[in-house]
Amino acid sequence: MTLGGLTLSLLRFPDRLLRVPRQLVEVIAQSHLDEQAHTRLVYERFLIAGDRAAAYLLADENAARRADALTRHIAAVHLLSPASTSGSDTGA
């Protein structure tokens, strides 16, 4: 392992520790909030931003995968939401 690799590994540890309470809140939000609830979507976007930052700054592939998976989930929820299927076209 190179010095740079060791440094990144040491820097990833606090990020993973901080991820535990965020993930706990995410699990609670999933069980109590509707998938289309604004609060839940905002929190999921917050998690995506944190994971993308960790992926970029710490070269953390797991964080990149989590961000991509959550982004796909939000996109699927958005596509299936009644607001996105009703459309705003007035037919004029």
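**Helix packing and a few telling residues**

Arginine 22 is buried, with a relative accessible area of 18% (buried means under 20% relative accessible area, exposed over 50%, and partly exposed in between, with a 1.4 Å probe and protein chains only). This residue belongs to helix α1, which covers residues 3-32 (helices are DSSP runs of H or I with at least four residues, strands are runs of E with at least two, and both are numbered from the N terminus). Once its neighbours within four places in sequence are set aside, arginine 22 is in contact with Asp15, Tyr43, Phe46, Leu47 and Asp51, where contact means heavy atoms within 4.5 Å.

A word on the ground rules. The model is predicted, so local features need pLDDT of at least 70 and side-chain atom pairs count only at pLDDT 80 or more, while totals for chains, interfaces and linings use all residues. Residues are numbered from 1 along each chain as its sequence is written, and side-chain values use heavy atoms, with hydrogens and water left out.

Now for the overall picture. The protein chain has 4 helices and 0 strands, and reading along the sequence gives the pattern α-α-α-α. Of its 92 residues, 26% count as buried. Looking at contacts in the chain with a separation of 6 or more, 53% come from residues 24 or more positions apart.

Next comes a pair of helices. Helix α2 (residues 38-58) and helix α3 (residues 61-80) pack at an angle of about 150°, and their axes are 8 Å apart. Here axes are lines fitted to C-alpha atoms, for helices over the stretch in contact, and angles run from 0 to 180 degrees between N-to-C directions. The two helices are therefore roughly antiparallel to each other (angles under 35 degrees count as roughly parallel, over 145 as roughly antiparallel, 65 to 115 as roughly perpendicular, and the rest as oblique).

Who meets whom? On the α2 side, the residues are Arg40, Leu41, Glu44, Arg45, Leu47, Ile48, Asp51, Arg52, Ala54 and Ala55, and in α3 they meet Ala63, Ala64, Arg66, Ala67, Leu70, Thr71, His73, Ile74 and Val77. Sorted by type, the residues of this contact come out as 11 nonpolar, 2 polar and 6 charged (Ala, Val, Leu, Ile, Met, Phe, Trp, Tyr, Cys and Pro count as nonpolar, Asp, Glu, Lys and Arg as charged, and the others, Gly among them, as polar).

Two members of the α2 list are worth a visit. Arginine 40, in helix α2, counts as buried at 5% relative accessibility. Its C-alpha atom is separated by 10.0 Å from that of isoleucine 74, which is 34 residues away along the chain. Leaving out neighbours within four places in sequence, arginine 40 is in contact with Ala29, Gln30, Leu33, Asp34, Glu35 and His73. Alanine 54 also lies in helix α2 and is buried, with a relative accessible area of 5%. Not counting residues up to four places away in sequence, alanine 54 touches Asp15, Ala59, Asp60 and Ala63.

Arginine 16 is partly exposed, with a relative accessible area of 41%. With neighbours within four places in sequence left aside, arginine 16 is in contact with Asp60 and Asn62.

Alanine 59 counts as partly exposed, at 45% relative accessibility.

Last up are the rings. The count comes to 1 aromatic pair, under a rule that pairs rings of Phe, Tyr and Trp (its six-membered ring) if their centres lie within 6.5 Å; planes under 30 degrees apart count as stacked, over 60 as edge-to-face, and the rest as tilted. The rings of tyrosine 43 and phenylalanine 46 have centres 5.8 Å apart and planes at 35°, so this pair is tilted. Both residues lie in helix α2, 3 residues apart, which is about one turn of the helix. Phenylalanine 46 counts as partly exposed, at 47% relative accessibility.
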